[in-house]
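Work through these exercises with the sequence and the 3D view side by side. Try each task before reading its solution.

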Amino acid sequence: AALAMQGMDGQELEGQRIGCALRPAAAGGEGFTSMFKCNVWVGNLPPHTTEADLRAIFGSFGMISSAKVFNERVSTVNATVAGLVNFSTMEEASAAIAGMSGVAFPGSDKPMIVKFAEGRRGSSAGGEIGRGRRGERGKS
């Protein structure tokens, strides 16, 4: 498994970068699905936001397994920028949400929206990749 992870980590598949890492099994035997519960969705980010910015801003709350920035162009003028930060533990993710929700991103006057990422409809792992905005997809 370790060799497979090393070979796949950072590779691109269908236009998306793959991240592979070993994770300890969570208490209660939740294993793989528990890592998705540590995803924090961050909205209201300025267009220049980078993954390094997310790591720097949220790194004080715990170990970040991954950080991703999503830039969705609504028009040639407006862009919706959001991020997804995956923490190692639920406690770290909760602390980041408590500490950063409503705080303005450095250099911006808009408060960030910081919350747990919501599961995607039909996803067996319950992970959400970049959706947490108004009109939240995945809700009936």
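**Exercise 1.** Find the largest nonpolar core and name the residues with the most contacts inside it.

*Solution.* Start with the term: a nonpolar core is a set of buried Ala, Val, Leu, Ile, Met, Phe, Trp, Tyr and Cys residues joined through side-chain atoms within 4.5 Å. Buried means under 20% relative accessible area (1.4 Å probe, protein chains only). The largest such core has 20 residues. Val42, Phe58, Phe87, Met112 and Val114 have the most contacts inside it. At least two residues each come from β3 (39-43), α2 (51-58), β4 (64-73), β5 (79-87) and α3 (90-100). The largest share, four residues, comes from α3. Another core lies apart and has five residues, including Trp41 and Phe70.

This is a predicted model: local features need pLDDT of at least 70, side-chain atom pairs count only at pLDDT 80 or more, and totals for chains, interfaces and linings use all residues. Residues are numbered from 1 along each chain as its sequence is written, and side-chain values use heavy atoms, without hydrogens or water.

**Exercise 2.** Which residues does Met112 contact, leaving aside neighbours within four places in sequence?

*Solution.* Contact means heavy atoms within 4.5 Å. Among the partners of Met112 are Val42, Leu45, Phe58, Met100 and Phe105.

Technical notes: Buried < 20%, exposed > 50% of the residue type's maximum accessible area, 1.4 Å probe, protein only.
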